[in-house]
Structure formats: C-alpha cells, structure tokens
Amino acid sequence: MNKPINEMGWDELVPGAALYSFEGDIDYNIAEIQPEDRFYSETSSQSMSVGDWRVIKPVWNSETCIDCQNCWIFCPDTSIIARNKEMKGVDYDHCKGCGLCVSVCPTNPKSLLMFEEYESVENALGKWPEKKKKGE
Amino acid sequence: MSTQKVIKNLKSFSTAAERFEGSHLLCPGCAHSIIVREVLNATNDNLVVSASTGCLEVCTAIYPHTSWDCSWIHIGFENSSTAMAGVETMNKALRNKGKISKDTPTPKFVTFGGDGSTYDIGFQWISGCFERGHDFMYVCLDNEVYANTGGQRSSSTPIGASTTTAPAGSVSYGEKRQKKDIVSIMAAHGSPYVAQVAPNKWKDMVKKIQKGFDTKGPVFINAMSACTTEWKFAPNQTIEVSDLAVDSLVFPLYEIIEGRELNITYRPKNIIPVRDYLGAQPRFKHLFTPQFEYIIDEWQRRIDERWVFLQKREEIRL
Amino acid sequence: MNSKEMNLKSTEVWDGNMANSQALRQADVDVIAAYPITPSTATVENYCTFHANGYVDGEVIMVESEHAAMSACIGAGAAGGRVATATSSQGLALMIETLYQASGMRIPVVLCLVNRALAAPLNVNGDHSDLYLTRDAGWISIDAFSPQEAYDMTLMSFKISEHPDVRLPVISNQDGFMTSHTAQNVTPLKDEVATKFVGDYVQLNALLNFDKPVTHGVQTEQDWHFEHKAKQHAALMGSKKVIEETFAEFKELTGRSYKVVEEYRMDDADIAIVCLGSTFETAMLAVDQIRKDEGIKIGIVSPRLFRPFPLEEIAASLQNVKAVACMDRSAPGGTVGALYNEISGALINSPSRPLVTNLIYGLGGRDMTVTGLKDIFRTLDKDAKDGKINGKIQTLIGVRGPALEYYDVEGK
C-alpha cells in the first residue's frame, strides 16, 4: 500500500472491507517470529496506541523482578514484553493502565507498581517502597 | 502425547510469539483478551479464527484496524460456529481435490463466542455444528451477560445477578433463573471433549486447550471471563475475582471426555464460601441485605450440591 | 472437473430443479451447505444423489437451518472455494440477514432460489415474494423462465459471481412448481464443456491462504461505512457489463441468446406488459393469438436481469408504446408493486410517457392463463386507445369477491 488508508477513496479500498495484518506475503510461520521481526501493515492495530487511555501507569523495577512471567500472561493488552524467559519491560503504547500486572506480581516489594501518568520512570524507581515485613 | 508445543512452565510459555496484538479496544482489565492470548499462544500451528458479534469481535476488528495476526472471520451474532464449519469443510474439500497439498499441516480452527451468542442466539448453530462433528474448537467467553450492548441478561446470567434487563430493585433480586448448564448440554451432543476453564488457572487452561487441539472433532471450552465493567469490580481485580470463582467452586474446573468420563482438574486447597465470591462483585451487592440474604444461602447450598454431584460422577466414570 | 463424468444425452427431459442440480454438478462446486424447503428441495436431493454415486468431488453438508446454510457458504467461500446453496420462501426469509452479510463481505456464492410465496398464510406454491424480498440485499439477481434457462442461468451464475471485477453473490431465480416441477426438454452442455466454461475458482483474500492472513467481516463506523457500501454498489452496477459479456460467450458456445432485458414482439408493439418468470412464456402464446385473432399489437418486456436493475434498457424498450401494464406476482404490502415502481422510475426521466398500470396476479401459485392474459391485453388496449387509464392504477387480477382497485390517476 503506497497511500495511507485515510487518504484513499472508495475505489482504492480492499473489497469487502477486508484487512491485512502484514505487508505483502509472508513466507514464515508468524508463531515462530517475534513481533519486532514482523512486517506489520498499517491496518494492524499494533501500529496504533492506546496509551492515552491511561491516567496511571505501571513502572517496572528490574532489580526486584524474578522473571516469574505472571505479569506477562495476565496482561490483557500484550503490553508486557517477555523475551528469552525474561521480563524486558512495559510497552507503553499498548498499556491501558489496568493494573493487573501489579496485582499479580509476587515479589516483596512488588516489581511493578502504579504511578501517576506524568511521573517519570526514574522518579518512580527512586520512590520504590522497602520490603514489607511479615504482618505488615 | 500432545502434538502441540511443549509448555513446561510459565517461563517457557512466555517465549511465545503473540498473534493477538495490543491496541484493541477491550476494556482495561478485560479477561477476554487474557483467554484469547492463552488459547492462541498454546499452539504454533496455522490458525483460522472466527468470532461472533460481541465485545471481542467489535473491539478487535473496527475498520481500519485488526488485532488478529491470523486469518479471521466474523459474519454475525449467531453464526461464528457455522462460519467455521464452512471453513473446515472447504479445507476438507480442497484437500480431497488436491488443491491443498496433503503435506500441508491442517490448521487449527478456533471459534470464539460470548455467552450471549453461545447460550442464546447462536445455540442452534453450535448444536448443528457439534451434531455434524466438524473438527474445530469452540471457546465460549462467558461473562454471564450481553456485555457489548451494556449488560443485559443472558441464559448464562446466574440467579441473583443484577443486569440491565433484570435489575435488582425494591421488589426484585435481579435474575430469577438459574444459569444454564452449557457444558453438560455440549457433552450430551457426543462431543469428544468439553471442558470448563478459567484464565487465572493458566496451566489447567492451557493443558485443556492443547488437549482440545489434539482432539479430532468438535471441542467445547467454556471459559470464565470475569468482566470488570459488568460485574462492576475494579480493572486490576480480574485475576483476584477469577481466583474467588474457582476457589469457591462457583466455577468448577473439569473436563468431560466422550460425553461420559468426568475429571475434576482443580481441587482448591481451601474451599472458600460463596459469599466471599459474591461479595467481591457489586452486581450482587443487593443480596447482602436482610430482604434478599436468603439467596446467598440458596447459592451456597446449590454449589455444595453440585460439587457432590461432580465428585460422584467423577468416581463412577459415567 | 469432477473425476466421474456423467454421460448426458443431447436432449434431456429435466424439471427446473434437476436443471439446477445438473448445473451445480457440472460447475464443480467445492462446498454446498443446504437445508430442504419446498419447492427447492429436489435441487439439493438430486445433488446429494449425485454425490452418493460419486459424481461430485466436492463436499455437501446438510445443516440445521437456512440461516446456517448461507452462514456456512459464506465461511466456506471466504475460506477460498466455490460455494452454492438452494432455498425458497421461508428459508430465504430466514437467511435474509446473511444475504446482506455475504454481499457486503463480497463473497461469491450462487443461490438457486426457487420462487415461492411467503407466509402467512402458509403457501408452498410459486410466486415472486421471495424474489422481491432480496431486492436490497446487494446480490446480482437473474430470472429463468423455463428449465432450460434455469440450467443456463445457474451455470453462468458462477462465472459472473467469481469474475475479478464482480466478486458478488448471485441469485439464480425460477418459478416454484411452474418451472421447478415442470419437466421440459433441456439441451445441456457436456460435463467437460460446462466445467471449462465456468472456469477454475480463483482465490482472493482466502482464509486458508496462510501467506496472507486476512480479517473478514469487520465493523465500520460513520467514518468508513459509506465508502464500503459505495464500493459494493459500484461493483454491483458494474457487473452488468460482465453479465452481458458472459451472455455473449454463452451464445458463442450454445447458440442460446440471452439479454439483460428480454423482449417479445416489441418492434411494432403499441402496448406492452412487463412480467417475470414463466408468465413470460405463457404471455408469448397469448400475444401470438391475440395479434392474429384481434389485431392488438402487444409485446412483452422482462427485466431478466433484476439486479442490477437495467434502468436504461427498460426505458429504451418502452419508448414506443402507449400503455404498459406492470404485472407483479407478489403481495404488494400497501403500495404499488415492485415492477410498477422500477418501470415508472425508469420512464420518468425519459421522453416517453406511456400510461402505466399495476396488476397484482398469480399469488400463491394461482395460474395466469392465456385466456386471463388476453383479457388483460384487451383492457390495456382500450386504455391506450382512450388515451387514459379507465380504472385505477392498481388492480388485483383474478381474485374472487368485489373488485380490488387502488390509486386514482391524478387530475382525473
């Protein structure tokens, strides 16, 4: 597709309003290629951002994280990036700030916490709570 | 032995390359997408997916964006199952005619439908597909209401829940009917495999999904989908509420093989009172009044009875 | 082509249903999903018998309702192969939402519609209410007047539907019982010739093509819906050209000539009737007789191509007549009949202003006889000679009881 879809007239659209996920033909198994190595079409929702839905955002502390992947599996928005069995970070373009990752994080202190959207990650990490003692 | 990829633990599961993209329009905290991700990540095979009109379909395929990295079709509200029956039959026809090489691995055919579509308006269509024995998996995303249109009751809505068309009020405790037992109904169709799953118990769910993928014939999976918007709890409580559901046995996790052998696949270490489950969701808050409190006792009695029944059935292998 | 050929005689004796079944067989359909309903049932039964005897390589699934039949056809068509089904009346009404879905999704499907009355009261006989119900569904709709034409139209429907410039579903209509259950001589093509004429199915955006994952059946909001419906309309309107080309190619092959608007003895006609279905052939007899016996110069016009409506050709065909009776074989539902509306709509922007009347006839399979038609011709002729519509605009013909007429002519 040369023209962005928003500039197309009715005559240039794919019949039946069909949408392609990828540019051109793919000759590999998508399930074996991570998203960063795929060639997405502009009509894949991957290219959009829903980050503006948030008023609070999760911040990840790699120091306390044990790579358990609870956050990865329970994120409804495919916004926890996991590679090679390790947690790599939060995809802020796709994160809606639901806070599920925080609620399922098992470490003490948690390795994911919600902060105000305008708080920088650096500041947030500086404010990280201490380990909770038993009974606290 | 499964023909699907081996998933030893959560760490190895996390190496999956996602085929369900972010920036869909589902609510923050929606269990639908957790379920879809677990299902799609359970296999590396080619996929054709269909969906009924509902939250999942509407939020993942609004022109001009699609969240599906696989072939996907939606026709209408009733007929995601029959759409897939058509795809599965065409695949058979093209293979028989040699238009698709016999060396091409058969793709997995997966259909998603909400409880509205599955239990109500699309029931005939699913029944027909299961009677005809098409080789596909049907996953019901059960949030116990017509969520996409604002929370109207369905035949999956459990007794005492407040919905917009059966609301709690000064003279009503909300839904008057018991939840339909869809798993038994689908097992009675002679389906080789039916199961009830919950996304919080991912290991149990993924095991059953893979078993379903390995089963020839129509497979029915009822997946509990705790709905933050319609059950009215905070978006970050989805997993917590799901845990309450399975630990109180309101949503027991089991499978039925060949319509006969029932296996309970999750036995909570501590069975918690139904009251705790109901109390976590404002859609039931009106039950915690002197006027309607007896409904909670009714709930507990029924859940207890059903747990006894499930265990007995598991014992006698029939 | 199917691996087992059927040796057909050069002239077969088939009813309209068998004509459908044979065309479906020769078209090498990949999946047929169907549900039985009178009077289309035999189309499917014959096909299932062919399948059971090894004459069909494709799949047949007998589904649990007509809605499911069309749903399965859409799914199978989107998967990437040739699909077809057959139904009538109530079954058509049940699958109506899926008709809109199929055309909006641009899935080629062929629907053999054996026209039957719509309930209530329940009636299994032939009339055009189900044909009319499909008017706005966005399908190409072609009408056959006889079993020979049913065979020809159904065969051509696949070629038209799958054409790269079209990719729209097609309805192949025929009258219930009057055509579907009347056996007549049919000259079929040999299997090999027919299959070659229809051609191979070409996949476009197929679900089973894993090189190009595609999403079918999206939702559009107010910012995109209009563009897609406009595109669909453009394709439907443009399909007329492909239909005419297909008719021309078919004529080369068989010598049988079809037009988007059929005419009979219109060259010197003073008056005309417009009708669909087997009435056209009955009217041919009536026209010949009355011309010979009473000198009334009458002709017949029929929009064989009902959708996309051939407005210009219809207007052209009626330029030289003084009166037109539009004969609608469907309960009019509180207004003038569909043909009256469409014919008047065609004429209003043309130089000619014939008198136009609307006759409702033949509902629920009530016969339209040669005698009955001749009465209609005489009435029409009198109107033409008097230069005015003597009665009202709409008359229900052949109903027992007091005369039923509606709509005074303005300024009378």
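**Ground rules.** I number residues from 1 along each chain as its sequence is written, and I letter chains from A and number ligands from 1 in the order in which they are written. Since the model is predicted, local features need pLDDT of at least 70 and side-chain atom pairs count only at pLDDT 80 or more, while totals for chains, interfaces and linings use all residues, and side-chain values use heavy atoms, with hydrogens and water left out.

Side chains of opposite charge can pair when their charged atoms come close.

I began with Asp69(B) and Arg38(A), whose closest N and O atoms are 2.9 Å apart. Asp69(B) lies in the loop between helix H3 (55-60) and strand S2 (71-73) of chain B, and Arg38(A) in the loop between strand S1 (19-20) and strand S2 (56-60) of chain A, so the pair joins two chains. Helices (H or I, at least four residues) and strands (E, at least two) are DSSP runs, numbered from the N terminus. Asp69(B) is buried at a relative accessible area of 1%, and Arg38(A) is buried at 5%; buried means under 20% relative accessible area, exposed over 50%, and partly exposed in between, with a 1.4 Å probe and protein chains only.

Next I noted the salt bridge of Glu149(C) with Arg304(C), at 2.8 Å from N to O. Glu149(C) sits in helix H7 (residues 147-162) of chain C and Arg304(C) in the loop between strands S12 (298-302) and S13 (305-307), 155 residues apart, and both residues are buried.

Lys322(C) and Asp270(C) also form a salt bridge, at 3.9 Å from N to O, but here I found Lys322(C) partly exposed at 48% and Asp270(C) partly exposed at 27%. I also recorded a network of salt bridges that links Lys97(B), Lys99(B), Asp28(C) and Asp30(C).

I placed Gly104(C) in helix H5 (residues 96-104) of chain C, partly exposed at 25% relative accessibility. Leaving aside residues up to four places away in sequence, Gly104(C) touches Gly16(A), Lys229(C) and Gln232(C), contact meaning heavy atoms within 4.5 Å.

I traced an open sheet of 10 strands with mixed pairing; two strands pair if DSSP finds at least two bridges between them. S1 of chain A and strand S10 (261-264) of chain B stand at the edges with a single partner strand each, so one side of each is left without a neighbour in the sheet. S2(B) pairs with strand S9 (residues 214-216) of chain C in the parallel sense over two bridges, and Thr215(C) is the bridge partner of Trp72(B).

How values were computed: A salt bridge is a side-chain nitrogen of Lys or Arg within 4 Å of a carboxyl oxygen of Asp or Glu.
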